[in-house]
Amino acid sequence: MINTTTAAATTTNTASQPSASSSSNTAAQSLGLKNFFKTPEGRYKLHQDKTHPSSLLPYALAKSITQITLAHIKDQPVQAATNTPPLQPNSSYSVASSGVRYVTSKFLGSSGNGSRMLGFVGGNGTSSKANGGTSKSSHVGGGLTNGVNNSTPGSNTPDGKGTFLIFNVGDTLYISELNSEEKDPIKSITFGNSNPICHAFDSKAKEGHDLLIGLNSGDVYSVSLRLQLQDVGKKLVGAHHYNKDGTLNNSRCTSISWIPEREGAFVAAHADGNLYVYEKSKDGPGDSTFPVIKDQTQFSVAHARSSKSNPIARWHICQGPINAISFSADGRHLATAGRDGYLRVFDFLNERLICGGKSYYGALLCCAWSADGKYILTGGEDDLVQVWSMEDRKVVAWGEGHNSWVSGVAFDSYWSPPTSEDDESENAVYRFGSVGQDTQLLLWDLVMDELVVPLRRPPGGSPTYSRTQSSHWDNVVPVGTLQPAPSTKDVPKLAPLVAHRVHSEPLSGLVFSQESIFTASRDGHVKIWMRPGSSDCQVSSSDSCTPVKSLK
């Protein structure tokens, strides 16, 4: 699936490549899948697909669910990690004004508990020992070896720049060159005793390390993607290792994200309901233990006892797994989707719960923010896509169209309505997408002024038909309140603009870029769908093509 908030994945060069496109189209047709789908603005065409090596054994596919991350490495030299003044762990996190970043969708985790201490690797290139031992070396050895494909990227990407697609399958993390005609990845890293579950990329990272990897053992790594591509060996190079061997928390790392507009800081969510705040520049020699959680059902935040400790804070979100996390573009708000079915939205700077509520049924599996921070999408086991309003602090629409669990949601910040250039009204239109285990990609348009509230019956009166507010919206929701699931009669319904079966296997990931839509199935196949007219835009770098106007 896919993690969002969001590390900015810049424009991708997916110029037409006949051989790759032809191969993809033939494979799709052989499975009874169409290689295009229609929208009011035109056809989206299947351009190519990326996948794992064909020699991968089938049983390995069941070890984890594929997530996808789009990463663009700019034309700049590799920067070694350096010591920077550590950010102090207090309740007021320093966050700058708005910025846009993307983190891939994140997915279902299993429950587990652990309270052992942290093993951390410092960011200054030196080795230190604290709290059970930490380590750092130029190579991560042992169970970390290259996977089935041991091809060396140095021959075709000697400078380690370009746009890359990162995805996990089984116990292996694969890296594919997006603009290459090759279907197979150019780099693979196998974690012998664990499986990569989630990953996130930050194109704005300044200290070299821009890629995060979370494992089902609870371990977390930060690495330089450029170094991985330039290295000719079979191991991770220059990796920082956090929560080594699950010394602090041995439950699965279910979701991971860089904190927008805060250099070097990231969060890792776990299957026991805890979320940890890290800073990659800190050595972590201090005491990294946290107080015992007295009430597992209540939200709480605890800070490290030492200003030198890493992680610097623990957030206890819920009792049970956190399945997904997503930051607003400015980093001020954090949304979490839980196994308990609740969306929770936090003021990340002031460490407080703002709002939240329960799904209609079952667990929530994914969540995503709109670029302007006004709306949140959720999807889960009730087959619905919920639209939450930050202004109203409640559900304002339900999307009905999937026939099975919704496993990935995302707003399309690159799309704008055809009349947006001349339309000065405040009636914004939002395009978003969802993918599910029913193998379908659904596209939706959200126009708030056109939402029609269902029939309602006032006390002692006759039913009325309203275009404004229903009883669900009449009551003001106090800050910090978690709401029960609303009645189906109180929430407006959305119908999908497009419903298209894009894969033969259940879907797990969805990413929008300037020229394409990326969809991933849980068995490790990624398809690239070109936007209408994008094939005519010949680009050689991420900045060569005029960007589509983002929705404001």
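This is a predicted model: local features need pLDDT of at least 70, side-chain atom pairs count only at pLDDT 80 or more; totals for chains, interfaces and linings use all residues.

Biologist: How many helices and strands are in the chain?

Modeller: The chain has 3 helices and 36 strands. Of its 552 residues, 59% are buried.

Biologist: Which residues sit on each side of β24?

Modeller: Leu384, Gln386 and Trp388 are on one side, while Val385, Val387 and Ser389 are on the other, and all of them are buried.

Biologist: Which strands does β24 pair with?

Modeller: One is β23, residues 375-380, antiparallel to β24 over 5 bridges. Ile376 is opposite Trp388 there. Another is β25, residues 394-400, joined to β24 by 6 bridges and also running antiparallel. In that pairing Val387 has Ala397 as its bridge partner.

Biologist: What do the turns look like on either end?

Modeller: β23 and β24 make a hairpin with 3 residues between them, and Asp383 in that turn has a positive phi of about 70 degrees. β24 and β25 make a hairpin too, with 4 residues between them; Arg393 in that turn has a positive phi of about 55 degrees.

Biologist: Switching to β13. Why would you call that strand largely enclosed?

Modeller: Because 6 of the 6 residues of β13, which covers 253-258, are buried. Its antiparallel partner β14, residues 265-270, pairs with it over 5 bridges, and Ile256 is bridged to Ala268 in β14.

Biologist: How many residues lie between β13 and β14 in the hairpin?

Modeller: There are 6, and Glu261 in the turn has a positive phi, about 65 degrees.

Biologist: What does the side chain of Thr254 reach?

Modeller: The backbone oxygen of Ile322, at 2.5 Å. Thr254 belongs to β13 and is buried, with 0% relative accessibility.

Biologist: Now the cysteines. How many disulfides does the structure hold?

Modeller: The count is 0. Take Cys253: the nearest cysteine sulfur belongs to Cys198 and is 3.8 Å away.

Biologist: Is Cys253 buried or exposed?

Modeller: Buried, at 0% relative accessible area. Cys318 also counts as buried, at 1% relative accessibility.

Biologist: Last topic, the open sheet. In what order do its strands come?

Modeller: It has 5 strands, ordered β18-β19-β20-β21-β31, with mixed pairing. At the edges are β18 (322-327) and β31 (481-483); each has a single partner strand, so one side of each has no neighbour in the sheet. Neighbouring strands are turned by 15 degrees against each other on average, direction ignored.

Biologist: And in which sense do β21 and β31 pair, parallel or antiparallel?

Modeller: Parallel: β21, residues 352-358, pairs with β31 over 3 bridges. Gly357 has Gln483 in β31 as its bridge partner.

Conventions: Residues are numbered from 1 along each chain as its sequence is written. Side-chain values use heavy atoms; hydrogens and water are left out. Buried means under 20% relative accessible area, exposed over 50%, partly exposed in between (1.4 Å probe, protein chains only). Helices (H or I, at least four residues) and strands (E, at least two) are DSSP runs, numbered from the N terminus. Two strands pair if DSSP finds at least two bridges between them. Axes are lines fitted to C-alpha atoms, for helices over the stretch in contact, and angles run from 0 to 180 degrees between N-to-C directions. A disulfide is a pair of cysteine sulfur atoms within 2.5 Å. A polar contact is a pair of N or O atoms within 3.5 Å; within protein, one must be able to donate a hydrogen and the other to accept it, and residues adjacent in sequence count only if both atoms are side-chain atoms.
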